[in-house]
Amino acid sequence: MPELPEVETICRDLLRLVRGLVFEDVRIIDRRVIRGGSGAFFHRSLVGRKIVDVRRRGKAVVLDLGGLCLVVQPMMTGQLVARSGPAEDVLLKETKIVFLLSKRRQLLYNDQRLFGRLQIVAREEDLDYIRQLGPDPLDKNFTVEVLAERLRQRRPAIKTVLMDGRCIAGIGNIYASEILFRCGIDPCQSAMRLSMPQMMRLHKAVLEVLCEAVAMGGTTVRNYRSGDGQSGQFQNVVRVYGRDGQPCQVCGREIVRIVQSQRSTFYCSHCQK
DNA sequence: AGGTCGACCTGGCAGC
DNA sequence: TGCTGCCAGGTCGACC
């Protein structure tokens with residue numbers, strides 16, 4: 001599910017909706033989404049704690065509780081949705097955890113496929129996933145030189161490398177295809193063989209695509225919801241993702257789907273070389 | 001060490 | 001209608 005723009009949208013919503021609130025109770029409906037400790041430990045760690053900050057690390061949401069962090073990785077189908085009103089109204093089949101907050105608010109963790117994970121850690125860097133993350137594309141230090149340095153040693157296809165969070169944080173399957181279409185680069189080209197002009201176009205496309213997607217509240221393919229329960233809008237402007245068989249908006253030739261590293265890639269073989 | 005592949009899960013949809 | 005197989009936004013551990 002959520003890639004960088006979706007998780008960024010969730011974090012901005014949660015910052016607005018739940019910062020400063022206190023966990024009053026936690027109802028664990030399916031404990032399989034909890035990692036790194038028992039349900040009792042999870043419950044005990046949270047109750048009484050205040051949410052002092054919400055931030056994104058790669059594709060993870062970090063709820064900073066002051067000396068403790070609740071790290072949520074929604075993976076493919078996880079949702080973190082804040083709401084207010086009676087808690088009994090809202091239980092969906094996919095609701096796995098209900099966080100009861102002060103001021104009669106709740107935070108729901110919904111997850112159809114149970115791929116997502118929630119973990120309590122002292123510091124977010126305690127998680128391997130976060131410690132190993134590459135530079136974040138929305139960080140001001142993410143320059144074309146940084147990108148070139150990250151890609152220079154990587155032999156696999158650029159599409160595969162873009163999706164590796166240890167190389168660059170936050171880019172997943174939808175945006176990898178969209179970014180490569182935007183800068184006209186063949187997804188099968190080896191990352192280490194990109195020319196400097198290609199590298200500059202790629203850097204520009206990464207920023208453009210991700211910023212546009214954030215501005216549109218992310219992409220909803222089927223499950224994604226923002227922190228206030230809304231769908232994203234970027235799916236209405238994708239140019240290649242999921243459009244195999246349709247004409248390329250630039251040259252009119254057919255968009256094709258191929259499989260790289262067991263994931264679908266969509267591209268225009270005429271525009272991307 | 002870097003790279004590839006299945007496993008983790010549920011549900012929607014196309015095709016028969 | 002109902003079955004089967006394929007597909008889905010991510011990550012990780014086991015292997016080569």
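Contact here means heavy atoms within 4.5 Å.

View 1. The model is predicted: local features need pLDDT of at least 70, side-chain atom pairs count only at pLDDT 80 or more, and totals for chains, interfaces and linings use all residues. Ser102 sits in the loop between strand 7 (95-101) and strand 8 (105-111); helices (H or I, at least four residues) and strands (E, at least two) are DSSP runs, numbered from the N terminus. With its neighbours within four places in sequence left aside, Ser102 is in contact with Leu21, Val22 and Glu24. Ser102 has a relative accessible area of 13% and is therefore buried (under 20% relative accessible area, 1.4 Å probe, protein chains only).

**View 2. Residues around DNA strand C.** Of the atoms of DNA strand C that come within 4 Å of the protein, 56% belong to sugar and phosphate. A residue is near the strand if one of its heavy atoms lies within 4 Å of it.

**View 3. Individual atom pairs at DNA strand C.** In the side chain of Lys59, an N or O atom is 2.8 Å from a phosphate oxygen of DNA strand C. An N or O atom in the side chain of Arg113 is 3.3 Å from a base nitrogen of DNA strand C. Thr219 places a backbone N or O atom 3.2 Å from a base nitrogen of DNA strand C. Helix 6 (173-183) and strand 11 (263-267) are the elements that give two or more residues to the surface near DNA strand C. Residues are numbered from 1 along each chain as its sequence is written, chains are lettered from A in the order in which they are written, and side-chain values use heavy atoms, with hydrogens and water left out.

Technical notes. Polar contact = N/O pair within 3.5 Å; in protein donor to acceptor, adjacent residues only side chain to side chain. Buried < 20%, exposed > 50% of the residue type's maximum accessible area, 1.4 Å probe, protein only.
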